[in-house]
Amino acid sequence: MPYENILVEERERVGLIRLNRPQALNALSDELVDELILVLERFDADERIQCMVLIGNEKAFAAGADIPMMAKFSYMDVYKGNFLTRNWDKLRLIRKPIIAAVAGYALGGGCELAMACDVVIAADDAKFGQPEIKLGIIPGAGGTQRLPRAVSKSKAMDLCLTGRMMDAEEAERAGLVSRVVPANQLLEEAMATAQKIASFSQPVLMMIKESINTAYETTLSEGIHFERRLFHTTFATEDQKEGMRAFLDKRPPSFIDR
Ligand code: CO8
């Protein structure tokens, strides 16, 4: 199926999605978000795909929601049209891991998109920020919720209230990104990470994502209980038998995703 705002390919067991509105620094139009969700859902349902990588271009991961589009909206347009949540919340329902590979600007909705992914790998020239305050709005796709969880209340306040950008080094120090790599190696590093993840058991990696995400939604004791139940569940998989047998046989495991 042809897409107009994204480029999609499959590399072995990894689905690679490139945001592709370079003339607008990959600003997130409704059409782009619709296409993105569609393809993420398609990959999520595809048995052959284990992991997804989401990347922009050298200048921008995404510079936020599309400002010319938003400038025309009335309150009724955004409220009755359910701007964002219409599709955005479906991101949270994707069960396989998504790696955000961020070069250049990740601002507003772009930063929120990166934070909605499971692993964030940043190029050394990446810049993160929630500049909505400069436009007279607040972050609307999770920025005020995910940022404090990722980087502390004080830094989230600093970024959202001043609208300033933070560079990749500060973002790594603050815990927003898992690692920083040279810009010219971003895709290679993200794909290598995705291939590594893809080499493991599909149900097990999905359980890990579900369990870590539960840490954000619940108390520690309930989270520990949930983790224990999923841990027990892994012993019902053939991949647990294979993984442990392979260790004892001193050979690499050959998982069958069951
Ligand atoms: N929307 C639409 N077009 C954009 C956007 C955007 N967010 N950002 C940049 N562009 C366009 C520019 O208008 C320009 O187009 P043209 O060449 O036709 O004039 C082109 O991209 C290049 O941009 P600049 O010339 O401005 O490039 P610079 O290198 O000088 O500056 C910046 C780069 C600093 C990134 C600057 O473009 C900028 O400040 N952009 C706006 C960033 C911003 O405010 N983002 C937050 C938007 S609000 C938001 O995201 C709300 C989130 C709600 C949830 C959304 C979920 C979908």
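**Salt bridges and cysteines**

Visitor: Why is Glu10 called partly exposed?
Guide: The relative accessible area of Glu10 is 33%. Buried means under 20% relative accessible area, exposed means over 50%, and partly exposed lies in between, with a 1.4 Å probe and protein chains only. Glu10, at 33%, therefore counts as partly exposed.

Visitor: What kind of model is this?
Guide: This is a predicted model, in which local features need pLDDT of at least 70 and side-chain atom pairs count only at pLDDT 80 or more, while totals for chains, interfaces and linings use all residues. Residues are numbered from 1 along each chain as its sequence is written, and side-chain values use heavy atoms, leaving out hydrogens and water.

Visitor: What makes Arg42 and Glu10 a salt bridge?
Guide: Their closest N and O atoms are 3.7 Å apart. A salt bridge needs a side-chain nitrogen of Lys or Arg within 4 Å of a carboxyl oxygen of Asp or Glu, so this pair qualifies. The two residues sit in distant parts of the chain, 32 residues apart: Arg42 in helix α1 (residues 30–45) and Glu10 in strand β1 (residues 6–11). Helices (H or I, at least four residues) and strands (E, at least two) are DSSP runs, numbered from the N terminus. Arg42 is partly exposed, at 39% relative accessibility.

Visitor: Which residues are linked with Glu10 in a network of salt bridges?
Guide: Arg42, Asp46 and Arg48 are linked with Glu10 in that network.

Visitor: Why are Arg18 and Glu9 called a salt bridge?
Guide: The closest N and O atoms of Arg18 and Glu9 are 3.9 Å apart, so the pair is within the limit. Arg18 is partly exposed, with 25% relative accessible area, and so is Glu9, with 31%.

Visitor: What makes Asp249 and Arg251 a salt bridge?
Guide: The N to O distance between their side chains is 3.4 Å, so this pair also meets the definition. Asp249 has 47% relative accessibility and Arg251 has 32%; both count as partly exposed.

Visitor: How many salt bridges does a search of the whole structure find?
Guide: The search finds 17.

Visitor: Are Cys51 and Cys117 buried or exposed, and what shows it?
Guide: Cys51 has 0% relative accessibility and Cys117 has 7%, so both count as buried.
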